[in-house]
Amino acid sequence: MGRFFSRRAALTAALLLTLGAAAPAAHAADVKVMSTVALTPALGELIPKFESGSGNKLIVVYSTIADLKKRIEAGETADVMILSRAALEGLLTQGKVAEGSIVNVGSSYVAVGVHTGAPKPDISTVEKLKATLLAAKSISYADPAKGGASGVYFAKVIDRLGIADQMKSKTVLVPGAEAGELVAKGEVVMGVAQASEIAAVPGAQVVGPLPGDLNSAIVFAVGIGSTSKDPAAARSLIEFLTGPAGSAVLKSKGMDPA
């Protein structure tokens, strides 16, 4: 009888060990991500899919490229960094990004957006863009002082067009990617932001890129932090973002996948 119970206990223990090995962990790793706000729409859809498929949990910090670069240079770090290609390469030279880890994710251009259903203004030439801006009752774009890439660039465009003073009284500056939201709510007539940011907002539509040599595209890339505690988990996220599932979502959010 004693041998029977001993054999039964051994079989039970073996079964429990087998079940324990087969059961997935609550999450395999916590992966910190520092990402430009331009990727907010795409990551909002992709994060749950990655977490459910991998078991990893993503902790995401969003901000402008300039702010994130400044924080990383000051010592803050992450397993995965999603910034402009130029910003990541600059951080690579400082030893903040792991060698050989930078991969392009996609690109987007600075675009003009209006409310869905509203007539699209003619911005096909530099002069027509200038006339459209002067005729607009209100406009919104990212505050250049906050470092948003599209806001910094568009402020230079307005200066170049020679209409900075005329635009001040009807401009609503936002801290990040909120210009499209203001357009959708009807709080401003026109917004300027990355095309991906506008396209992702229900109620806002992309009119098109800035014309001629005013057109500006930005390449977004992803890299692994040089001090990442789990580079394997970081690589799995990068592979997911640049794979078929990630590319499809990026495209649906108005971005051109790499």
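Reader: What makes Glu89 count as buried, partly exposed or exposed?

Author: This is a predicted model, so every value here is computed from predicted atoms. Glu89 has a relative accessible area of 36%. Buried means under 20% and exposed means over 50%. Glu89 therefore counts as partly exposed, given its 36%.

Reader: What makes the pair Glu89 and Arg85 a salt bridge?

Author: The closest N and O atoms of Glu89 and Arg85 are 2.8 Å apart. The cut-off is 4 Å, between a side-chain nitrogen of Lys or Arg and a carboxyl oxygen of Asp or Glu. At 2.8 Å the pair is within that limit, so the label holds.

Reader: Where do Glu89 and Arg85 lie?

Author: Both lie in helix α4, residues 85-93. They are 4 residues apart, about one turn of the helix.

Reader: Why is Arg85 called partly exposed?

Author: Its relative accessibility is 26%. Buried requires under 20%, and exposed requires over 50%. Arg85, at 26%, is therefore partly exposed.

Reader: How do you know that Asp67 and Arg71 form a salt bridge?

Author: Their side chains meet at 3.1 Å, N to O. The limit is 4 Å, so the pair qualifies. Asp67 and Arg71 both lie in helix α3, residues 65-73. Again the spacing is 4 residues, about one turn of the helix.

Reader: What accessibility do Asp67 and Arg71 have?

Author: Asp67 is at 26% relative accessibility. Arg71 is at 27%. Each value falls between the 20% and 50% cut-offs, so Asp67 and Arg71 both count as partly exposed.

Reader: What makes Asp122 and Lys128 a salt bridge?

Author: The distance is 3.2 Å, N to O. That is within 4 Å, so the side chains of Asp122 and Lys128 count as a salt bridge. Asp122 is partly exposed at 38% relative accessibility. Lys128 is partly exposed as well, with 39%.

Reader: How many salt bridges are there in the whole structure?

Author: A search of the whole structure finds 10.

Reader: How do you know that Gln94 is partly exposed?

Author: Gln94 has a relative accessible area of 39%. Buried would need under 20%, and exposed over 50%, so partly exposed is the class for Gln94. Gln94 lies in the loop between α4 and β4, residues 103-115 for the strand.

Reader: Which residues does Gln94 touch?

Author: Lys69 and Glu73, not counting residues up to four places away in sequence. Gln94 and Glu73 are 21 residues apart along the chain. Their C-alpha atoms are separated by 8.1 Å.

Reader: Why do β5 and β6 count as paired?

Author: Two strands pair if there are at least two bridges between them. Strand β5, residues 139-142, and strand β6, residues 171-174, have 4 bridges, so they pair. The sense is parallel. Ile139 has Thr171 in β6 as its bridge partner.

Reader: What makes β5 and β7 a pair?

Author: They have 3 bridges, and at least two are needed, so they pair. This pairing is also parallel. Strand β7 covers residues 190-194. The bridge partner of Ser140 in β7 is Gly191.

Reader: How many cavities are there?

Author: There are 2 cavities of 30 Å³ or more.

Reader: What classes of residue line the second largest cavity?

Author: Its lining has 8 nonpolar residues, no polar and no charged. They are Leu39, Ala42, Leu43, Leu46, Ile82, Val105, Leu241 and Leu250. Ala, Leu, Ile and Val count as nonpolar, so the lining is nonpolar throughout. Helix α2, residues 40-54, gives the most to it, with 3 residues.

Conventions. Residues numbered from 1 in each chain as written. Predicted model: local features only at pLDDT ≥ 70, side-chain atom pairs only at ≥ 80, totals over all residues. Heavy atoms only, no water. 1 Å grid on protein atoms, 1.4 Å probe; cavity = no way out; pocket = protein on both sides within 12 Å on 5 of 7 lines; lining within 4 Å. Points joined across faces, edges and corners; volume = space filled by probe spheres on them. Buried < 20%, exposed > 50% of the residue type's maximum accessible area, 1.4 Å probe, protein only. Contact = heavy atoms within 4.5 Å.
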